[in-house]
Amino acid sequence: MERIDRDTALKFFKDSDLLDLGEHADNIRKKLHSDGIVTFIVDRNINYTNVCVNKCKFCAFYRDEDSPDAYLLDKDEIFKKIDETIALGGTQILLQGGIHPDLGIDYYTGLLKSIKNRYSINVHGFSPPEIYYLADRHHLTIKETLVMLRHAGLDSIPGGGAEILSDRVREILSPKKIKSSQWLRVMEEAHKIGMRTTATMMFGSVEEPEDIIEHLEAIRNLQDRTGGFTAFIPWSFQPGNTELSQIGGATAVDYLRVLALSRIYLDNVKSIQASWVTQGLKLAQVALRFGADDFGSTMIEENVVRAAGVSYLVSKEDIIEAIKSAGFKAAQRDTYYNILKEF
Amino acid sequence: MLNSISDKVISGERLTKEDAVALFESGDLFAVGRLANNISEKKNGKNAYFIVNRHINPTNICINRCKFCAFSRSKGEAGAYELTIEEIIEKLKDGHGFSEVHIVGGLHPDWPFQYYLDMLRSIKKEFPFIVIKAFTAVEIDYMSRISGLGIGDTLSELKKSGLDLMPGGGAEIFAEGIRNKLCPEKISGDRWLEVMEAAHNASIKTNATMLYGHLESIEDRVDHLFRLRDLQDRTGGFQAFIPLSYHPKNTEIGGFYSSAIDDLKTIAISRLVLDNFNHIKAYWIMLGEKVSQVALLFGADDIDGTIIEEKITHSAGAMTEEGMTREDLIHLIKRAGKTPVQRDAFYNTIWKE
């Protein structure tokens, strides 16, 4: 299959019929995942703090340190959440927070060590903005910071904080957050020391189609060099309770269009995740025919999207049934996409 | 197989039951969807219709107690309610510029026929411009029994009192075996069709529905669609067909939600089989606004309306809001690449950009 260039991608995105685009993506998905299996992971989001100095305009989750709703979980609370996750068959925790101004690298390495001392669970943690912040704060290189975190127990890195990898858009949405090149650099350094990461994209806010293509291009280029991304996860901006709540956000058709284009463009990323957390189970089922091959996490707990007023109550059984009734085999996977159990 | 069906559709030849079954069994979602969209655009261009309407359910007290229903209550049971005519009028005073009110309710054991006539008259008196779309075939049959009038006379009394249109509910699945399992106390499929035929003969337009995704087979769905197509051939009285996806929560049957892939295919195949229906509706309350929007590219040309207050599907675990604004509806339609057309109850254009 021939790789498509930016101009072709833009043309597909703007002009092509949604069903044609979907079918194209579906055919690629079938080739890459010919077993007809759609995977999911049992894990829990643990957001250790909602205090964040970045204050992005699209975010409904962050609080100032002196806000009455500000929190920082203590270790016992985190352990309790991990106990529950393991009891539910979970294999991973996604540990992510705001950028709390009082927490230094000792906090992070201490937390990771204490988790690893007690549990055998994959810690998927700290998106590039958090890692960059720590490096900056302690005058460490990105690599030194990553090595310290990995040594303390960090296994893999989630792809959050990418938003749109176009500085024009970042300047509007998240002026205090790291720039596009910095996000990519953290991921490249992580891949170089053998850590796997995912990549995300948040669309449906103020970006133009060209920005979406720029984002996909940046991910594809880095993946060509490192091969370190396990999956790409496009999800749509949820406007509720944010500074940008006047924006309507992406509709279902917009979502499917971006998803399908992502599958077509990212020929070197094996897995594309459907985002039932932002789209609901029904549209996530449709997404399985528009390029997606993975249902992401069962989300025993999710806080960030919920803060924007969107929540779907979904159990592991609901996810398995949704995958099967959409015409696929359902399987639980680990962080590295190894199949643990078929249903 | 799909190719020969596709040729038939494009040349305007009618599909057979075998064709319809083959479409349901086909995994080629995109080909089926494209074909349906093609037919939809032949009939309605790029138009996607919506209406500024309101639903009112006068009572949830029902003597039928169908097993797929989470809305109904018995008299005296916790949660049972009945609205007075004054309360119904109050709801319509909300002032959203409704052009249609959709009224369906349970089969109340005590209300006399006169109550329904009074309800219609009072609404018409207070809101002469609102079209009243009311009472499923099941309710009409019940009114005929409590009034002792024949179906024809029952309909003509209702029409004189202000009934303009009838919704398509209560059709469920016509096939006898499944219908007996779902709703043994409800009128038969044949009776439902008889009532609709009588309504059409009395110049009352109606809609038609099909509840799918519970216990029925593909053949049962196809049988349902063909019985509707046959009646429409005789009367031409159906305006729109509305496939209704089963919702499992709080029902006796339980089970799962239909898959969105099935929802889209069912919309598309309905569009292809029901060549004599002008409109296929993707009812957003049941499909969710997201899948409804996608359905506009799979053969649907209508997504219903503002609704304001929805009780029946929400009793069974609807994952949608109870209402949508006019602006929301327009936005969804435009983003699907279709032309939003605000319609009245008879599909006349009220507003188009």
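## Salt bridges within and between two chains

In this predicted model, E210(A) is partly exposed, with 36% relative accessible area. Its side chain forms a salt bridge with that of K14(A), at 3.2 Å from N to O. K14(A) belongs to helix α1 (residues 6–15) of chain A and E210(A) to helix α9 (residues 209–226) of chain A, so this pair ties together parts 196 residues apart in sequence. K14(A) is also partly exposed, at 47% relative accessibility.

Over all chains, the whole structure holds 51 salt bridges. Here are a few to look up as you browse:

| Salt bridge | N to O distance |
|---|---|
| K14(A) and E210(A) | 3.2 Å |
| D26(A) and R29(A) | 2.7 Å |
| R145(B) and D141(B) | 3.1 Å |
| D20(A) and R34(B) | 2.9 Å |

D26(A) and R29(A) sit three residues apart, about one turn, in helix α2 (residues 18–32) of chain A. D26(A) is buried at 1% relative accessible area, and R29(A) is buried at 5%.

Now to the interface. Chain B and chain A bury about 2200 Å² between them, 64% of it on carbon and sulfur atoms. On the chain B side, F30(B), R34(B) and K290(B) lose the most area to chain A, together 30% of what that side buries. There are four salt bridges between the two chains.

Methods. Residues are numbered from 1 along each chain as its sequence is written. Chains are lettered from A and ligands numbered from 1 in the order in which they are written. This is a predicted model: local features need pLDDT of at least 70, side-chain atom pairs count only at pLDDT 80 or more; totals for chains, interfaces and linings use all residues. Side-chain values use heavy atoms; hydrogens and water are left out. Buried area is the accessible area (1.4 Å probe) that two parts lose on being put together, summed over both. Helices (H or I, at least four residues) and strands (E, at least two) are DSSP runs, numbered from the N terminus. Buried means under 20% relative accessible area, exposed over 50%, partly exposed in between (1.4 Å probe, protein chains only).
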